[in-house]
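Work through the exercises below with the model open. Each task is followed by its solution.

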Amino acid sequence: MSRQKSKSHDRRALAPASREEFATKALDAERFREAIEAYKDLLKTERRAPWVEALAAAYAGRAAELQAKGMIPEALTIWRNRATACGKPLNDPAYIDCLCLGGASSEAFRLITAIDDPTQRAAIETRLAAIALLLPADALTALPADSPLRRHHGNAVAALRACSAGDSGALDSALREIPFRSPYRDLRPVLKALNIVQRNPAQANELLARIDSDSPFGRLAAVTRIA
């Protein structure tokens with residue numbers, strides 16, 4: 001008998017209360033694979049809502065682990081298993097992020113439209129701004145026409161092209177068209193910094209200091225600081 005099967009057999013031999021305690025400890029310790037199997041075993045005996053929620057949390061934790069290792073297809077499979085086993089919708093921000101990392105941006109954008117909370121929807125659009133910037137405009141057609149991620153895409157692309165060409169006038173013009181609350185707003189200080197770094201590195205650093213590390217353009221800002 002394999003070690004994994006032996007653990008599963010030992011766990012199932014426990015009384016229900018002890019099995020729940022084992023599952024809870026595994027989840028709290030972020031042993032997500034063990035927690036998933038433990039809660040799945042519990043749910044075979046009775047479908048309790050707290051157990052379903054705990055299983056969903058274990059699946060999400062395991063998916064995050066796999067994503068951090070670059071195992072995107074495996075992480076997506078875990079998210080889909082979570083949806084099936086726990087009855088959870090797939091329009092979870094973390095799943096949408098994972099889809100984009102796996103190249104399934106069209107599916108990700110379709111899922112955004114299924115999010116009812118406008119605040120959450122806006123937050124997800126902001127998180128996807130750096131990915132969207134690299135896509136052609138027709139890749140965003142799954143989004144509603146009034147979606148800021150879609151509406152401001154052309155302006156963001158125009159700004160990036162102007163910066164690459166060293167055209168300060170065209171850059172300023174394009175950046176003025178990106179609203180303060182746009183998902184692409186943090187692109188503005190990065191491109192401005194890139195445009196002036198040779199003649200005014202101090203001001204460039206001041207611009208880059210405005211960007212948080214968790215911004216969708218945080219990595220671009222970090223690379224620009226090094227430059």
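A nonpolar core is a set of buried Ala, Val, Leu, Ile, Met, Phe, Trp, Tyr and Cys residues joined through side-chain atoms within 4.5 Å. Buried means under 20% relative accessible area, exposed over 50%, partly exposed in between (1.4 Å probe, protein chains only). The model is predicted: local features need pLDDT of at least 70, side-chain atom pairs count only at pLDDT 80 or more, and totals for chains, interfaces and linings use all residues. Residues are numbered from 1 along each chain as its sequence is written, and side-chain values use heavy atoms, without hydrogens and water.

**Exercise 1.** Find the residues that touch the most other members of the largest nonpolar core.

Solution. Start with the core, which has 57 residues. Tyr39, Ile96, Phe109, Leu128, Leu140, Leu149 and Tyr184 touch the most other members. Another core lies apart from it, with eight residues, including Ala193 and Ile211.

**Exercise 2.** List what leucine 140 touches, leaving out residues up to four places away in sequence.

Solution. Apply the contact cut-off: heavy atoms within 4.5 Å. Leucine 140 then touches Phe109, Ala132, Leu135, Leu149, Arg150, His153 and Tyr184.

**Exercise 3.** Is proline 118 buried or exposed?

Solution. Locate proline 118 in helix α8 (residues 118-127). Its relative accessibility is 52%, so proline 118 counts as exposed. Now take glutamate 46: proline 118 is 72 residues from it in sequence and 36 Å away in space, C-alpha to C-alpha.

Methods: Helices (H or I, at least four residues) and strands (E, at least two) are DSSP runs, numbered from the N terminus.
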